[in-house]
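Subject: Structure for your review

Dear colleague,

Please find below the structure that I am handing over to you. My notes on it follow directly after.

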Amino acid sequence: MIQLQGIERRFGSVAALRGVALEVQEGEQLALVGPSGAGKTTLFNVLNFTLLPDAGTYRFDGVEAAEVQGDARREVRRRIATIHQSHDLVGRLSTLKNVLSGRLGYWGRMEALRNLVAPSRAAVAAVHGVLERVGIAEKLDERADRLSGGQKQRVAIARALFQDAELILADEPVASVDPARAVSLLELLTQTARDDGRTLIVSLHQAELARRFFPRIVGLHDGRVAFDRPTEELSEDELAAFFQNGSPSPSGL
Amino acid sequence: MSTRRRRRRPSFPRALLILAILAASFYGTGFRPDLLLTEHAVGNAGRFLRDCWPPYLDDGYALRLGKLALDTLATAFLGTVAAVLIGFPLGVFGSRSAVFGALFVTGEARRGRLTKLLYLTARGISALLRSIPELVWAFLFVRLFSLGPTPAVLGIGINYGGMLGKVYSEQLEHTNPTPAAAIEATGASRFSAFWWGLLPQASGAMSAYTAYRFECAVRASAIMGFVGAGGIGQEIQLSMQYFQFDRVLSGVLVLVLLVALIELLSDAVQRRFA
């Protein structure tokens, strides 16, 4: 489903990605680990067609990123849902509207305006269903900026689920919640993705959570893939070594 | 910013400069505050005050003033609606966060040249519209049509449209652009991302500012009555011409009442959205 080859991306003089190669099959679940500044968010922005790579090719289900524009680009983008690190909810809109906005890629102009003013009963019922799944159905009419950090995180997840995308990218979805909440959110994400047959890529900086929930772990360090292995072939020591010096081998080679 | 602050000129020469400008303004304009105290001025003021009191509030006249006040109010309202119709598109196309959408967030250099032209055109038009005062616009339109409320509505609509365009664009640019970019990332159009992601963040501030502008429009509409736009302003001006100072006072009182009411209303709207 995802094919990345030699992806490079610079921001001014800073190289965020330097030759990233990665293949992900449909329905797979993998954790992307690495320290802050490793390039995880930039990689997600390439994956969801926000940024074009400076060099290298990215194909999503056969569609090459550099070759789509306009409507074709929008059609690919609606198949990819992103849960952003800072949630990126619209604070002055209700939870309902924030979740509804996940479907905007499917609506024309008039439908978009109509649903902003008066969402249909069917749409409200559908949003309610998704909110029940993430456990905050009672916050349907609450303004998003009045929610706690953990509740916002759930709304961001609900919006991604409501988008009904084939690929879900979650950028540090548990960075702003306590450890117990982190476990329940990752259970929710991995379980719903499995139930609905969606591909899931989650970036994390906690080694133990990556090992616990994901069968495959990709380590990103300094804009490069440091390792890409099934979790069972990756020891705790190797993962700890990676977080210490950017390489799973103790010598750093 | 900090270097500029450090390079501040010493305050003594600045004070001298301000004094020099003040002196030049006095002699340049021939402003003479001492005229206020001449026998002639004091006598006129006394006669004016004597003739004012009591305000003329014959049943029929009070009603007439009420109706004229409503005319002034209606002119201001229509002018404000016209201003919103002109200012909203100018504000949207004059704000980078709206026209460039997610490109504004990622700093992508692939900004269309056409988009940039649109942005600069919107900024230019709103600067032009607001640089000419509503009274001057109204005078221009009096030449085109005739006296009456039409020139006043257009004058307010055009001048305030330019102001709203500028302020709306600033309010839209002061929003957080990332939620709209996140909406675009779901495959939504820039149009949808604007209505769902940007506008809701700015709409409160935009409504509050529009309410304040309506308040200004009521005053402007009364003033334009002096040049023939009708309403309470024209009535005051006519009474003045006929030396019916008791009617002038009634008119001024009704105007003060009207403006005070609108200020209360506008304050309430502004508090609601602040």
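Strand 7 (residues 167-171) and strand 8 of chain A run parallel and are joined by five bridges; two strands count as paired if DSSP finds at least two bridges between them. Helices (H or I, at least four residues) and strands (E, at least two) are DSSP runs, numbered from the N terminus. Within this pairing, A:D171 stands opposite A:S203 of strand 8. Strand 3 (residues 29-33) of chain A also pairs with strand 8 of chain A in the parallel sense, over five bridges, and here A:V33 stands opposite A:L204.

Please note that this is a predicted model, in which local features need pLDDT of at least 70 and side-chain atom pairs count only at pLDDT 80 or more, while totals for chains, interfaces and linings use all residues. Residues are numbered from 1 along each chain as its sequence is written, and chains are lettered from A and ligands numbered from 1 in the order in which they are written.

Strand 8 (residues 199-204) of chain A is mostly covered, since six of its six residues are buried. A residue is called buried if 20 or more other C-beta atoms lie within 10 Å of its own, exposed if 12 or fewer, and partly exposed in between, with C-beta atoms placed from the backbone. In a regular strand the side chains alternate between the two faces of the sheet. In strand 8 of chain A, A:T199, A:I201 and A:S203 lie on one side and A:L200, A:V202 and A:L204 on the other, and all are buried.

A second sheet topic concerns an open sheet of four strands in chain A, with the order 2-1-4-5 and antiparallel pairing. Strand 2 (14-24) and strand 5 (63-64) of chain A are at the edges with a single partner strand each, so one side of each has no neighbour in the sheet. Strand 1 (residues 2-11) of chain A runs antiparallel to strand 2 of chain A, and eight bridges join the two. The bridge partner of A:L4 in strand 2 is A:L22.

As for chain A overall, its secondary structure comprises nine helices and ten strands. The radius of gyration of chain A is 18 Å, close to the 18 Å that the globule rule gives for 253 residues, so chain A is as compact as a globular protein of that length. This radius is taken over C-alpha atoms, and the globule rule is 2.2 Å times the number of residues to the power 0.38. Taken along the principal axes, the C-alpha atoms of chain A fill a box of roughly 60 × 45 × 35 Å. Of the 253 residues in chain A, 43% are buried.

A:F49 lies in the loop between helix 1 and strand 4 of chain A. Its phi is near 65°, a positive value in a residue other than glycine, and A:F49 counts as buried, with 22 C-beta neighbours inside 10 Å. A:L52 is in the loop between helix 1 (40-47) and strand 4 (55-60) of chain A. A:L52 is partly exposed, with 14 other C-beta atoms within 10 Å. Not counting residues up to four places away in sequence, A:L52 touches A:A65 and A:A66; a contact means that the C-beta atoms, placed from the backbone, lie within 7 Å. A:D222 is in the loop between strand 9 (216-221) and strand 10 (224-230) of chain A. Phi of A:D222 is near 55°, again positive in a residue other than glycine, and A:D222 is partly exposed, with 15 C-beta neighbours inside 10 Å. Most residues other than glycine have a negative phi, and most peptide bonds are trans.

In chain B, the peptide bond from B:W53 to B:P54 is cis, with omega near -5°. B:P54 is located in the loop between helix 3 (39-52) and helix 4 (59-93) of chain B. Helix 11 of chain B bends by about 60° at B:L199, and a proline, B:P200, follows within four residues. The bend at a residue is the angle between axes fitted to the seven residues ending there and the seven starting there. Just after helix 11 of chain B, B:G230 has a positive phi of about 85°.

Finally, the contact between the chains takes 27 residues from chain A and 19 residues from chain B. Helix 4 of chain A gives the most to the side of chain A that touches chain B, with four residues.

Yours sincerely

Terms used:
Two residues are in contact if their C-beta atoms, placed from the backbone, lie within 7 Å.
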